[in-house]
Amino acid sequence: MTEKHTFFAPPSLISGDAVTLPEGEARHAWKVLRLAPGNEVQVVDGEGSRFRVRIDSVGRQEVAGTVVERLEGEPP
């Protein structure tokens with residue numbers, strides 16, 4: 001089983017199936033974890049929603065992706 005990284009994105013950065021990570025989260029994904037397009041992560045919105053997200057683009061200040069699945073229940 002592969003480890004899923006979890007990131008926070010406020011609801012204002014989740015629009016339909018498009019998700020953009022805030023700058024600090026994006027920097028961590030890009031610089032520390034070296035995530036790349038095609039990788040999947042988990043995103044929480046701070047309001048009880050959780051999503052499986054496929055990363056589409058990675059940049060120094062922005063990581064954007066697409067919701068693949070809305071997850072139910074408590075985070076692991």
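Student: In which sense do strand S3 (residues 18-20) and strand S6 (residues 63-71) pair?

Tutor: This is a predicted model, with residues numbered from 1 along each chain as its sequence is written. Local features need pLDDT of at least 70 and side-chain atom pairs pLDDT 80 or more, totals for chains, interfaces and linings use all residues, and side-chain values use heavy atoms, without hydrogens or water. Strands are DSSP E runs of at least two residues, helices are H or I runs of at least four, both numbered from the N terminus, and two strands pair if DSSP finds at least two bridges between them. S3 and S6 have three bridges, and the sense is antiparallel.

Student: How many bridges join S5 to S6?

Tutor: S5 and S6 form a hairpin, with four residues between them. They run antiparallel, and the number of bridges is eight.

Student: Which strands are the edge strands of the open sheet?

Tutor: The six strands follow the order S1-S4-S5-S6-S3-S2, with mixed pairing. An edge strand here pairs on one side only. The edge strands are S1 (6-8) and S2 (14-15).

Student: What angle does helix H1 (residues 23-32) make with S1?

Tutor: H1 packs on the sheet and touches S1, S5 (50-58) and S6. Contact means heavy atoms within 4.5 Å. Axes are lines fitted to C-alpha atoms, for helices over the stretch in contact, and angles run from 0 to 180 degrees between N-to-C directions. For H1 and S1 the angle is about 155°.

Student: Is Gly46 buried or exposed?

Tutor: Gly46 sits in the loop between S4 (40-44) and S5. Buried means under 20% relative accessible area, exposed over 50%, partly exposed in between (1.4 Å probe, protein chains only). Gly46 has 63%, so the label is exposed.

Student: What distance separates the C-alpha atoms of Gly46 and Pro11?

Tutor: These residues are 35 apart along the chain. Their C-alpha separation is 8.0 Å.
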